[in-house]
There are 2 protein chains.
Amino acid sequence: MTRAEHREGLQLQSTITKGGQLEISLATVETPSPGEGDVVIRVEAAPINPSDLGLLFGPADMQAAISGGSADRPVVTAPVPAGLMKMVTARLDQPMPVGNEGAGIVVEAGASDAAQALIGKTVAVIGGAMYSQYRVAPAGMCLPLPDGTTPAEGASCFVNPLTALGMVETMKLEGHTALVHTAAASNLGQMLNKICLADDIALVNIVRREEQEEILRSIGAKIVCNSSATDFKDRLTDALAETGATLAFDATGGGTLGGQILSCMEAALTRTTTEYSGYGSTTHKQLYVYGRLDRSPTQLNGDFGMAWGIGGWLLPHFLQKIGLEGAGRLRARVAAEIKTTFASHYTAEISLAEALELKTVAAYGKQATGEKFLINPSKTG
Amino acid sequence: MTRAEHREGLQLQSTITKGGQLEISLATVETPSPGEGDVVIRVEAAPINPSDLGLLFGPADMQAAISGGSADRPVVTAPVPAGLMKMVTARLDQPMPVGNEGAGIVVEAGASDAAQALIGKTVAVIGGAMYSQYRVAPAGMCLPLPDGTTPAEGASCFVNPLTALGMVETMKLEGHTALVHTAAASNLGQMLNKICLADDIALVNIVRREEQEEILRSIGAKIVCNSSATDFKDRLTDALAETGATLAFDATGGGTLGGQILSCMEAALTRTTTEYSGYGSTTHKQLYVYGRLDRSPTQLNGDFGMAWGIGGWLLPHFLQKIGLEGAGRLRARVAAEIKTTFASHYTAEISLAEALELKTVAAYGKQATGEKFLINPSKTG
């Protein structure tokens, strides 16, 4: 490939204007010349993860989104409610490139040995701006994929696999022995089930719909509780008593579900208690909120004693906590099992222009039901 | 004092009947003979702390309390809402003695040297059942008070002093450098102010009313925010930016206050940020709920990024965490400063019978406004 061919490329950008409008569009941007230690990657696969949606949509009201522009340069616009504009002061009128992770082919490299060694290789990268035809990145940030792995197979090497492994590591680090997971039929939730089955860890899956129960049972999940069922709390308490799970990861964040989980944990712990304690069980119950699929306020009834904690859980903070060595160990497992445990399945592989079709955009928020899209910025049409 | 004189004594007891009724009454109970290492304490002072109310009232509706019985054997009754009966299954129809801490005179002792050495001494004890005329306790549980200290002065040696010191210790252990405290005009809150002034720790006090602001300013509090003021959030954010406080202790538990504190901490941390981050500040913000003055559900808007935690904080759990040596260090400071930093002030010193007068009972819940009662079980009439 000659330099001329990738001198510039398309990039998906999200802008929130001072006027209170979200605009998602495609721009032609110049590909910077790689520095000595850099490579230029032709991106061929980048997933749309739930963690991309914060930057992609901001706090815009996507129910009111409309499409415009042309067929090859579509533009999606949506209003940002006035009360939420203060959340995005720091990004106003700045076109933000999007896409946390992806994979592609190294088409150019700086002079260093490390960069030169990657020429022609298929590599995965996490670092933002992956919904771009070309992405310049330091060679050290690239994870070379095993021979025979396609960019599509390696596109989701980081966010979901490391999050799922991070949940299991957190469980061990904090002295718990079983897990609860909400929105459990998601791509991430399916991976977590595969890990827990392989590692013999009890996992209580919580879903909202029957078809999600079926997705999970079809991949071997043993315990699935449906939060829409009338006997949900009893079933969940049974599952918690059976597994002894005192740690939950919640993707929903808002509403009453997180508090219900803590309350059912407490009920499971005190089922066999005969002595009265006004402070409840002394066993610590922990809920980590790692997503916010439900944007309504979180409500806690407080009927779970005094030994409890709730906190935000974010992959980069967790990786920092376990250090380079710990993160390296997790990455090695992902690379080794990328076609099995950590295989991702996509609803469709789409071009950058197709990524801005209104019906597709509307589906990005439905990942709890298993919908997941893969953008191939090199795909035309 | 002869054995005959303290063969039996009055004891305050709280019972919740299977029929859904709370009954608080006085019973004559036999004083057990002390074992070899035990002493018999004639209790002369035991405070009513907020932490006593859970056992005293249970989940009864105290707005609907009525009084009965006779002048020297009053009975307070109140209905327990049907939906809350499951919280108290383990205590149904059992008369529970109440009173976490108190002080009195040792009037009898077992044969051991340690027990005999306490005869005639004024001692403080934590361990429950202190709203009793006589309390048998192991000698090792007794804290002998410095000469010249009355039981009234030593009655509140443990719960509030150790909780206030525990907050400061928690701050240091978890790497914070300043504190926020709600319901800050309480007896506990006043102690915390004295400690923070002495130790040069910045403390942001949150109160609900102007007269509470005045109480705190009169003892030297530097920063007081009134949550009823229209500019509360701005003032709190200013105070958090000024002090750098990222740890709060909340006595209210329910409602929106806890979430507001986290949200203002985040606003203070990101005030000077110029780069946009969808995940908010990376500085961890922590809220500990140590009381539940507000029994409505806790509501969190979630506008405080991903680096946050909320948890229950309970003195016994904390003391266990810091171990015997740590607890000993805190107790030594309390004993040394019992007439200054840790001096408690009481609304009134009352007898066991007076403790069950309806207007007094109604005031037990108002400790955030500084009301605090001291029961003297040895007082007659």
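Contact here means heavy atoms within 4.5 Å. The model is predicted.

**Helix pair α4/α9, chain A**
- Helix α4 (residues 159-173) and helix α9 (residues 315-336) of chain A pack at about 110°, and their axes are 10 Å apart.
- Angles of 65 to 115 degrees count as roughly perpendicular, so α4(A) and α9(A) are roughly perpendicular to each other.
- From α4(A), the contact uses A:Val159, A:Pro161, A:Leu162, A:Thr163, A:Leu165, A:Gly166, A:Glu169, A:Thr170 and A:Leu173.
- From α9(A), the partners are A:Leu315, A:Phe318, A:Leu319, A:Ile322, A:Arg329, A:Leu330, A:Arg331, A:Arg333 and A:Val334.
- By class, this contact of α4(A) with α9(A) has 11 nonpolar, 3 polar and 4 charged residues.

**Helix pair α4/α9, chain B**
- The axes of α4(B) and α9(B) cross at roughly 110° and come within 10 Å.
- α4(B) and α9(B) are therefore roughly perpendicular.
- Residues of α4(B) in the contact include B:Val159, B:Leu162, B:Leu165 and B:Leu173.
- Residues of α9(B) that they meet include B:Phe318, B:Ile322, B:Arg329 and B:Val334.

**Helix α5, chain B**
- α5(B) spans residues 187-199, 13 residues in total.
- From first C-alpha to last, α5(B) reaches 19 Å, close to the 18 Å expected at 1.5 Å a residue.
- Buried residues in α5(B) are B:Asn187, B:Leu188, B:Gly189, B:Gln190, B:Met191, B:Leu192, B:Asn193, B:Ile195 and B:Cys196.
- Their cover includes α4 (159-173), α6 (210-218) and α9 (315-336) of chain B.
- Strands β11 (178-182) and β12 (202-207) of chain B also cover these buried residues.
- Just after α5(B), B:Asp200 takes a positive phi of about 60°.

**Nonpolar core**
- In soluble globular proteins, nonpolar side chains tend to be buried together.
- The largest nonpolar core here holds 48 residues.
- Those touching the most other members are A:Val180, A:Leu236, A:Ile261, B:Val180, B:Leu236 and B:Ile261.
- Leaving aside residues up to four places away in sequence, A:Val180 touches A:Leu203, A:Val204, A:Ile206, A:Leu240, A:Ala245, A:Leu247, A:Ala248, A:Phe249, A:Ile261 and A:Met265.

**Loop glycine, chain B**
- B:Gly35 sits in the loop between β2 (21-30) and β3 (38-47) of chain B.
- Its relative accessible area is 28%, so B:Gly35 is partly exposed.
- B:Gly35 and B:Gln116 are 81 residues apart in sequence, and their C-alpha atoms are 12 Å apart in space.

Terms used:
Residues numbered from 1 in each chain as written. Chains lettered and ligands numbered in written order. Predicted model: local features only at pLDDT ≥ 70, side-chain atom pairs only at ≥ 80, totals over all residues. Heavy atoms only, no water. Helix = DSSP H or I, 4+ residues; strand = E, 2+ residues; numbered from the N terminus. Expected span 1.5 Å × (residues − 1). Buried < 20%, exposed > 50% of the residue type's maximum accessible area, 1.4 Å probe, protein only. Axes fitted to C-alpha atoms, helices over the stretch in contact; angles between N-to-C directions. Parallel < 35°, antiparallel > 145°, perpendicular 65-115°, else oblique. Nonpolar A, V, L, I, M, F, W, Y, C, P; charged D, E, K, R; others polar. Core = buried A, V, L, I, M, F, W, Y, C linked by side-chain atoms within 4.5 Å.
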